[in-house]
Amino acid sequence: MILYIITNITIMSVKLGIAPIAWSNDDMPELGGDTPLEQCLAEASQAGFSGIESGGKFPKKSEELIPLLEKYKLKLCSGWYSANLRKNSVKDEILLVQEQLKLFQDCKAPCIVFAEVSDSIAGDPNKPLSSRPQMNKDEWKEFCLKISEVGKYLEDQNMPLAYHHHMGTVVETQNDTQRLLDNTTDQVKLILDTGHMLFARGNSLKITEEYKSRIIHIHCKDVREDILEKSIKKDWSFKQAFLEGAFTVPGDGCIDYKPLLKYLKNVDYKGWLVVEAEQDPAKANPFEYAKKGFKYLSEVCSDIDLKIEL
């Protein structure tokens, strides 16, 4: 007699996406401003990615964007939203997000990357990172209440809020990020950006272990350690830091992604890993760096038996 034993084996998988900022920088139009969107989409697809985040050159209507993405076999895997909740009411912010929310819903994006930019110095070349805005105890309390309300609204719309900690803003450091998550409801999720976390002297693996249930999206941004140290020592502006080459794609900097990805595999993370690196396209060819980032993440995933969903 032959006994057949059937077991259900779950194979963990992630999806690889990329951000368009390597081709065109929305904050600095002189960086890739003349690069056609279709070149960006074509090269992202050719590099191997199955998804791309939105950018300033993307159509704002789904009837235009969806066919364009389908042409290049790409999915919309989220995108940035600039919030001003410290100054706006919750009602006003909800009204302001409507166009992007509708677009993301139509395109079946997994979440919206949400960042508070009020008084941000990230785009000011004359302000060092040490002068970034900070909130006092009362402001923190009000901000966390507001963002919890927005988080609930967006979750009810099936478009989770993934908060982006970012250099030069009120939520920059690991302590800021922990404070935000500790004082908001579970409807406020997190996008972990490995580059920004390291730049702020934080530990991506540690915060992932502590808040694993809140992390729903990941930016895989690498850092050139020598330029990072110089940026901090000389207190450069954020713009100067990335123009000097502080950021790069995974596999080209100092971050070892294997421990983080192994942990994500163990906790059943099924979301997107998005390659993102602010660089001058005239110095760092976007297509070549896209291929480099895809190759590195693919190899790490293969090493730890983490399947990449196509």
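This is a predicted model: local features need pLDDT of at least 70, side-chain atom pairs count only at pLDDT 80 or more; totals for chains, interfaces and linings use all residues.
**Largest pocket**

The space in the largest pocket comes to about 980 Å³. Its lining counts 47 residues, and Asp26, Asp27, Ser54, Trp80 and Ser82 sit closest to the centre. Four elements each supply two or more lining residues: helix H1 (37–46), strand E4 (80–83), helix H4 (98–106) and helix H10 (238–243). H4 contributes the most, four residues. By class, the lining of the largest pocket holds 20 nonpolar, 16 polar and 11 charged residues.

**Second largest pocket**

The second largest pocket has about 220 Å³ of volume. Here 13 residues form the lining, and the closest to the centre are Leu74, Lys75, Leu76, Cys107 and Lys108. Two or more lining residues come from each of helix H2 (62–71) and strand E3 (75–76). H2 has the largest share, with three residues. The lining of the second largest pocket has seven nonpolar and six charged residues, and no polar ones.

**Lining by class**

In brief, the largest pocket draws on H1, E4, H4 and H10 for two or more lining residues each. For the second largest pocket, the elements that do so are H2 and E3.

Notes. Residues are numbered from 1 along each chain as its sequence is written. Side-chain values use heavy atoms; hydrogens and water are left out. On a 1 Å grid over the protein atoms alone, a cavity is a set of points where a 1.4 Å probe fits but cannot get out, and a pocket is an open set with protein on both sides within 12 Å along at least five of seven lines; lining residues have an atom within 4 Å of a point. Grid points are joined across faces, edges and corners, and a volume is the space filled by probe spheres set on the points. Ala, Val, Leu, Ile, Met, Phe, Trp, Tyr, Cys and Pro count as nonpolar, Asp, Glu, Lys and Arg as charged, and the others, Gly among them, as polar.
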